[in-house]
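Here is a briefing on a ligand site and the aromatic pairs of one structure. Please view the sequence and model first.

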Amino acid sequence: GQKCILTGLWRNELGSKMQIQEVKGDGTFSGEYKTAVSLARRPIQPASLNGSQHFDEAGQPTFGFTVNWKSFSDSTTVFTGQCFVDENGKEILETMWLLREKAKAPNGWEATRVGTNVFTRIK
Ligand SMILES: O=C(CCCC[C@@H]1SC[C@@H]2NC(=O)N[C@@H]21)Nc1ccc([N+](=O)[O-])cc1
């Protein structure tokens with residue numbers, strides 16, 4: 001199919017897996033995120049994700065999505081990034097994320113973590 005439509009199964013360098021359902025005409029999508037790592041005490045469970053992508057003429061759109069970890073942690077991650085297609089037609093998603101855990105009070109310096117992830121398509 002068309003390159004950099006996010007529908008499908010993706011995996012990042014941590015071994016986390018992301019399944020994105022069909023991307024709607026307005027660019028919105030939803031899916032499921034299975035993280036390979038966690039700071040939560042409770043066992044990891046699949047989490048829902050919702051986001052949107054652009055449809056970019058060069059076929060290398062930007063996107064963003066939110067993962068609500070509700071089933072095992074009171075925390076939230078937002079990812080934002082761009083899809084790139086390499087010379088072999090291989091797609092990669094370069095992302096940065098912010099992970100917010102629930103803090104006891106405002107201005108909790110320890111509450112937000114930041115990082116990067118690169119995803120490649122599994123299917
Ligand atoms: O552990 C969690 C929820 C799972 C977060 C997984 C992150 S999302 C960015 C990165 N990319 C991945 O594929 N996986 C990791 N939440 C949580 C629980 C406890 C605390 N804590 O500090 O106690 C902080 C966060």
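The points below cover the ligand shell, its contacts and the aromatic pairs.

This is a predicted model, in which local features need pLDDT of at least 70, side-chain atom pairs count only at pLDDT 80 or more, and totals for chains, interfaces and linings use all residues. Residues are numbered from 1 along each chain as its sequence is written, and side-chain values use heavy atoms, with hydrogens and water left out.

**Ligand shell**
- The ligand is surrounded by 19 residues (a heavy atom within 4 Å).
- Ser-16, Tyr-33, Leu-39, Ser-75 and Asn-117 are the closest.
- The shell holds 9 nonpolar, 8 polar and 2 charged residues (Asp, Glu, Lys and Arg count as charged; Gly counts as polar).
- Strands E6 (75-85), E7 (91-101) and E8 (112-121) each supply at least two shell residues (strands are DSSP runs of at least two residues, numbered from the N terminus).
- E7 gives the largest share, 3 residues.

**Polar contacts and burial**
- Polar contacts are pairs of N or O atoms within 3.5 Å.
- For Asn-117, a polar side-chain atom lies 2.7 Å from a ligand nitrogen atom.
- The protein buries 89% of the 580 Å² that the ligand exposes when taken alone (Shrake-Rupley method, 1.4 Å probe).

**Aromatic pairs**
- The whole structure has 8 aromatic pairs (ring centres within 6.5 Å).
- Tyr-33 and Trp-69 have ring centres 5.6 Å apart and planes at 90 degrees, so they pair edge-to-face (planes over 60 degrees apart).
- Tyr-33 is in strand E3 (residues 28-34), and Trp-69 is in the loop between E5 (62-68) and E6, 36 residues apart.

Methods
A polar contact is a pair of N or O atoms within 3.5 Å; within protein, one must be able to donate a hydrogen and the other to accept it, and residues adjacent in sequence count only if both atoms are side-chain atoms. Helices (H or I, at least four residues) and strands (E, at least two) are DSSP runs, numbered from the N terminus. Rings of Phe, Tyr and Trp (its six-membered ring) pair if their centres lie within 6.5 Å; planes under 30 degrees apart count as stacked, over 60 as edge-to-face and the rest as tilted.
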